Amino acid sequence: MSSEEAFVSIRGMSFSRGDRLIYDNIDLDIPRGKVTAIMGPSGTGKTTLLRLIGGQLLPDSGTIKVDGHNVPTLKRAQLFELRKQTMGMLFQSGALFTDLSVFDNVAFPIRVHTDLPESMIRDLVLMKLEAVGLRGARRLMPAELSGGMARRVALARTIALDPEMMLYDEPFTGLDPISLSVTVKLIKSLNDALGLTSILVTHDVDEACSIADYVCLLSDGKVIGFDSPENLMNSGSEQVRQFMQGKPDGPVPFHFPADNIDADFLKQVD
Amino acid sequence: MLNLINKILDPIQALGQAALASLQAFGRAGVFLASSIMWGGPGSAGFGDLVKQIYSIGVRSLSIIIVAGFFVGMVLGLQGYTILSDFGSEAALGTMVSLTLLRELGPVVTGLLFAGRAGSALTAEIGLMKATEQISAMEMMGIDPLKRIITPRLWGGFIAMPILGLIFSLVGIWGGAYVGINMLGVDEGAYWGNMQASVGFYDDVLKGVVKSLVFGLVVTWIAVYQGFDSIPTSEGISSATTKTVVLASLAVLGLDFILTAIMLGSI
């Protein structure tokens, strides 16, 4: 993929937490205008990757370019400007401001970053809330919302400033079937209608594959597969197929490493 | 032999590490304070935010300050009367109560109560904002949380604390008057007249306000830093809240000695 086509371009990036190596010299290109799902086993550092792209964590080495800007080397003010212009991130919990109403939550970034008159802010907020189907809930407080509604309000707030790239952290976790299908549909329709680049971190293979143009599979600090969902489903790699098809045992073992079973059971006391 | 050397060296190494960690934390807290103050005046996040913080830090602490001030004043009246009457100087009760409150007890007790009431609330609030990813969300919107969350709270504490300290002293003086005049029979004219004659605006009132300003800044600084630096779990927030109350209370008492020594010209 050429660099113009890639909205996010990661080269030779390593990141460790304490002694644990999370990413080991990875290269990754996230294509512009597409939905890319980042998947992999729990604890593999998928959310960490979003935070690295968003500049909330710094890599040990390598470059992370977002729309041509190398995020780790940006100064604080430049980083905030890049986030304001380019990025939107939907957190797993929604991360709504609990002391503000639904309306004020969505209006918050517009009020801080623009000098628009209140009447225009009202129109913008109502448009964003209408897009997620919650125009009628604008007077509610976050504590009065269900998990699915809170996430939709957070989505409206995230698109309030029309970002070019959306980062979704586990958007499908803990949702009932109706909220789940609403969220899946919203992510896809927002991406297509606004021409966004979307990066989706998730465990849900079926939902992700139904809307993703590309799937990036991570394991043990490496990218083990990057392709369309169909190609990954039929991949030659057993490890990739095990994850995509949700098989309980395979290259990623069902059992946590342990002593030999016969020896273990014959032992009297630990 | 090697074991023995290790046994001796381990505690020294641990002490060194603890000292380095404390210094690092102090350095981080210093940078944090400088950044929060440098990047904006009181109204940098909007005047409304500042008023909201003064309300939540100051107005909501009023009841505890007024009740505590009244009781402290009444006890001072009672104790002062007992001591002064031995020398036949009950008439100096007003002077004693007012000077004790304005110079020492007003700023110090308010500082301690402020650390327990407003400081712990600030730490818990910011810690929970961190745990629920509200601070991360703000950062990802391109909004600096130091400017939006910390600066108005710091200024709110800085502005509210001296006002609370003065209210504490005022109510305490009334409490002393209530006990002295109404219950113990001290002459009302002597109580207020001696106070008026001996309390100086610069030496007593203003110096007390300066102490309150310093305590307000330090307590709020400790509270917001502990919240911002807390580990975002229930245990982490609980530990940060405890640290706020302990550190802020000790800081108030320690700084009170230093400030008093400077004001009396002993240092």
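**Exercises on helix and sheet packing in a predicted model**

In this predicted model, the axes of helix α2 (residues 47-57) of chain B and helix α6 (residues 145-183) of chain B approach within 8 Å and cross at roughly 55°.

**Exercise 1.** Determine which strands stand at the edges of the four-strand open sheet of chain A, and why one side of each is left without a neighbour.

*Solution.* 
Step 1. The strand order in this open sheet of chain A is β2-β1-β4-β5, and the pairing is antiparallel.
Step 2. The edges are formed by β2 (20-31) and β5 (69-70) of chain A; each has a single partner strand, so one side of each lacks a neighbour in the sheet.
Step 3. The partner of β5(A) is strand β4 (residues 61-66) of chain A, with two bridges in the antiparallel sense. Here V66(A) lies opposite H69(A) of β5(A).

**Exercise 2.** Describe the six-strand open sheet of chain A and state which strands are touched by helices α5(A) and α6(A).

*Solution.* 
Step 1. The order is β6-β7-β8-β3-β9-β10 in chain A, and the pairing is mixed.
Step 2. Because β6 (87-90) and β10 (222-227) of chain A each have a single partner strand, they stand at the edges, and one side of each has no neighbour in the sheet. From one strand to the next, the twist averages 15°.
Step 3. Strand β3 (residues 35-39) and strand β9 (residues 214-219) of chain A are joined by four bridges in the parallel sense. The bridge partner of A37(A) in β9(A) is V215(A).
Step 4. Helix α5 (residues 147-158) of chain A packs on this sheet and touches β6 and β7 (165-169) of chain A. The direction of α5(A) makes about 175° with that of β6(A).
Step 5. Helix α6 (residues 177-194) of chain A also packs on the sheet, touching β3, β7 and β8 (197-201) of chain A. The direction of α6(A) makes about 155° with that of β8(A).

Technical notes
Residues numbered from 1 in each chain as written. Chains lettered and ligands numbered in written order. Predicted model: local features only at pLDDT ≥ 70, side-chain atom pairs only at ≥ 80, totals over all residues. Axes fitted to C-alpha atoms, helices over the stretch in contact; angles between N-to-C directions. Pairing = 2+ DSSP bridges. Contact = placed C-beta atoms within 7 Å.
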